[in-house]
Amino acid sequence: MTLDEMIARLRIRLNDKDEIEFSDSELEDYVADALQQIHAMRIQLTDPRIIKSATVTTTLPSDWAAWVGQVPLKVAGTTVTGGPQTVRYFAVATIPSTGTATLDVPDMLIPSVLNYAVLQGRIRLGLDVDQEGPLTQKILQSVATALGLPVPQYGAR
Amino acid sequence: MALAEYSKVFERNPTSLLEFGDFSGGEVLTKPPETLMPNELSYAENWDVEEDGMKLVVREGLVAVAATGATITSVYHFAPKNQLLYTAGGHLYKWDSGTQAGADLGALSSTGTPRYQEWGVKGSEILLIATGGNLQHYDGTTLSATTSGNANVVFIAHSRVVIAANGSADTVWSDIGDHTGWTHDSGDPSSSQTLPVGYKDGGDIIAMLPLSKDVVVFKDNGMIYRIIGSSPDWSVVEVARGAILPSADSALALAGDVWFLDRRDGIRSLATTAAYGDVGVTGEGKAVNKILAAQLASSAKIWHLRSEGKVWVLPAAGTKVYVYHYGPACWTHYSLPGTPVDVHSHPTSAETYIAIGQKIYNFGGDTDDGAAYTATVRPRVSREPKPHILVRFQVDYDPITQGNAAATVGSVTLALPSSNWDEDYAYGDTDVASADTDPLVPEFRSSAMTRQVWRSTVFQPEIVVTSGRIRVRKIYLWVKGVSS
């Protein structure tokens, strides 16, 4: 699904097909926020699809987000000591730069991205979202289970 | 805030309905838009409020019935002879609809604003015309003069013709039953009489009107008198002081009352009620009085459009007239293609004639002589202390003729598609009842709706019709209260 398609779906969900209340750039920000949120979840759930492998010597890879497991390297800012080591790390989320760019999430997580973005819009409108919040969490967890992701392992880093 | 609130147990932001379906208050210009009652309008240009007060309809257009080629100064529909008369350049003309030209009937005796009065027995009615010189009369073919002396105002009462001239406080009464008899004979009580009204009060007569069995006389110094009884048993009684009429054309006999414009108070009236003799600011004028009073100039005029059930007030030279609809008893205003010079609606005729510039118009169609006009209406403003979001906006309306119409609330726009409808109802036609498929009464024909979100604390719908005509029945706004 592309960013434009996601925004079109968001407008249907938010009842704003005529662009009266929400501008495109506002909705793009909500989608970006949602992608970041989902990505953070996937890191927490150690989703292997976002793991990369690289040989690190003195600087962190530019798309580094977190190590996978224990790594014998020390990091200060972007400087690494203890290399070179071939290690695995979680990459940062890919935020679409154009409307035609495809969202970098598996299809099963698309509803979760949509729900997160809808929540942002409804909160901005001032609507009560007490029930949508937990619901979105539940949907995400069931999707994670369906994707075969392990139970979150805190302290895995 | 709302007339009705639909709330379900699981609905966390209950939806309220703002409904505008009663327009009986008309346009109210003397209160801020947010303090209006739900049935009042903050702006209504080129709209009529229908008899029941529940529907708004774009006014009818103006159709030119006469393009005279000369600047018209007055118009009179001489219904007994079925003639359309007008004055231009100091002459009286009769419009010939066959040749589309005006026939010159002769010169008027002076240059004052013509005032007309029908007189005579049925079948041989004549029209008395006062323009400031000798009173003239027109019998349907010939314009003739009398030796009345100067007459700017003409009026009939107690079987006499009564005239008054500018610069005079005298009312001059003709011989009984003779508009040409103006010689006083002290031995003949039926001969011409002169009655000064408000002797030495420092004012001149500018208007005379009937009020029940009396004659009400307006003077230019703010005095109002009534003449009670007939010669020789008559008396002049003071009614009020300080009623400054902006012009000689600003008083009107309406449904047994006398309405007049007053420079300070807008519209006032004299009524034949228990309060007879009192002059009060009428309830009818409350919606516009403050605005009217501020605009009244020496060119102010008030007209009774009998066939339309309306009163027009032109406060000053311009294209804007305030329109009183006496069915629902409320106001709107019109913007016309030019300054109306004169309007005449004969009591026995279904036509109203309006003189603007060189043309005489009547009502019909959906353009002003081919030019589209815009009708705009805004009900009151709903101003809420906390934010609401508009979730649904709906307008129920009848398209009457093809045109462009749209409704808006803030940023939300709703197109109102229109088309030509043959307005035909069972009660208004002559079809055989058993074979008549027309609806009994007008029912709404179209509904336009949009679902959008728009967050605001101020909600004011607006309907703008830039061409064609529609009838608005209901405006609905569904809103949800949200946290700020």
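Visitor: What share of the residues of chain A counts as buried?

Guide: Buried means under 20% relative accessible area, with a 1.4 Å probe and protein chains only. Of the 157 residues of chain A, 44% are buried. This is a predicted model: local features need pLDDT of at least 70, side-chain atom pairs need pLDDT 80 or more, and totals for chains, interfaces and linings use all residues. Residues are numbered from 1 along each chain, chains are lettered from A in the order written, and side-chain values use heavy atoms, without hydrogens and water.

Visitor: Which elements make up chain A, from the N terminus on?

Guide: Helices (H or I, at least four residues) and strands (E, at least two) are DSSP runs. Chain A has four helices and five strands. Their order is α-α-β-β-β-β-β-α-α.

Visitor: How is the size of an interface often given?

Guide: It is often given as the accessible area lost when the parts come together. Here buried area uses a 1.4 Å probe and is summed over both parts. Between chain A and chain B it is about 1300 Å². Carbon and sulfur atoms give 45% of that. Asn15(A), Ile20(A) and Leu125(A) supply 43% of the area that chain A buries against chain B, more than any other three residues.

Visitor: How many residues does each chain bring to the contact?

Guide: Contact means heavy atoms within 4.5 Å. Chain A brings 17 residues and chain B 14 residues.

Conventions:
Buried area = accessible area lost by both parts, 1.4 Å probe. Buried < 20%, exposed > 50% of the residue type's maximum accessible area, 1.4 Å probe, protein only.
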